[in-house]
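Student: Please take me through one part of this protein in close detail. I would like to see how it packs against what surrounds it.

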Amino acid sequence: MRNRAITVVTISIIALLAVISGLFAAFASHEYWNLIWVALIIIWAGIFFHTISSGHEKILRQLLDRLDLPADAQVLAFNAGRPADLKLTAERLQAPGKVTSVAAWGQTLPVVKQQLAAAKIADRVKLVDGGMTNLPFANQLFDYVIIDAALHNITPAIQRGRALQEAARVLKADGTLLIIDTKYMAEYRQVLNNMGIDDVQVSKTGFDGWWGGPWISTKILLAKRS
């Protein structure tokens, strides 16, 4: 949650400085064609802020609708500590259904718990402070494992593979794994195939998943044990 706020502020400052510099250069040099670059920066920033403010949430909402979660489903979520994403999942569940979120919550844990209580979903959410490479759960515990924009942050590749192995370990035999990410999809597919999970589908998300443009775009990996 804090990392997302820092990202928004950083991108805002960079975009604003670039626009101001471009305007100054264009009018100072009377080379007004430079305004094209200013326009492109504004378009890029607009697309980025659309995705981070509403596009990504729209993608997750559509995917959850597609999964049609049973009310009593047990869901494991890795979402880089975003309470809004937890709410989208938890509001589809009823006790004993629960979404368990693993993240580096740290000092934000009490605040997030208050937010969940205010949203009246605290009974359907469990917060676990930890990482993805060594999960404190029994084998085949969850019906769904959702990894949302969290896996690509793990380095090196061998550790990402370890995190995927852990996700597969705690997934039930008839469970579903959903990965939302911008890269490494071929790598994820290979790791899953090596574990005997061959029913793997990768798809694009379109404009709502563009992080500034189509060159950095969100993709979806949906995997099931055959």
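Tutor: Contact means heavy atoms within 4.5 Å. This is a predicted model, in which local features need pLDDT of at least 70, side-chain atom pairs count only at pLDDT 80 or more, and totals for chains, interfaces and linings use all residues. Residues are numbered from 1 along each chain as its sequence is written, and side-chain values use heavy atoms, leaving out hydrogens and water.

Take helix 6, residues 185-194. Helices (H or I, at least four residues) and strands (E, at least two) are DSSP runs, numbered from the N terminus. Buried means under 20% relative accessible area and exposed means over 50% (1.4 Å probe, protein chains only). Met185, Tyr188, Val191 and Leu192 are the buried residues of helix 6. Seen down the helix axis, they fall within an arc of 125°, so they line one face of helix 6. That arc is taken from the directions from the axis to the C-beta atoms. Ala186 and Asn194 are exposed on the other side.

What covers the buried residues? The cover includes helix 5 (157-170), strand 5 (171-181), strand 6 (199-204) and strand 9 (219-224). Just after helix 6, Gly196 has a positive phi of about 90°.

Now the wider packing. A nonpolar core is a set of buried Ala, Val, Leu, Ile, Met, Phe, Trp, Tyr and Cys residues joined through side-chain atoms within 4.5 Å. The largest one has 29 residues, and Val145, Ile147 and Leu177 have the most contacts inside it. Helix 6 is among the elements that each supply at least two residues of this core. Helix 5 gives the largest share, 5 residues.
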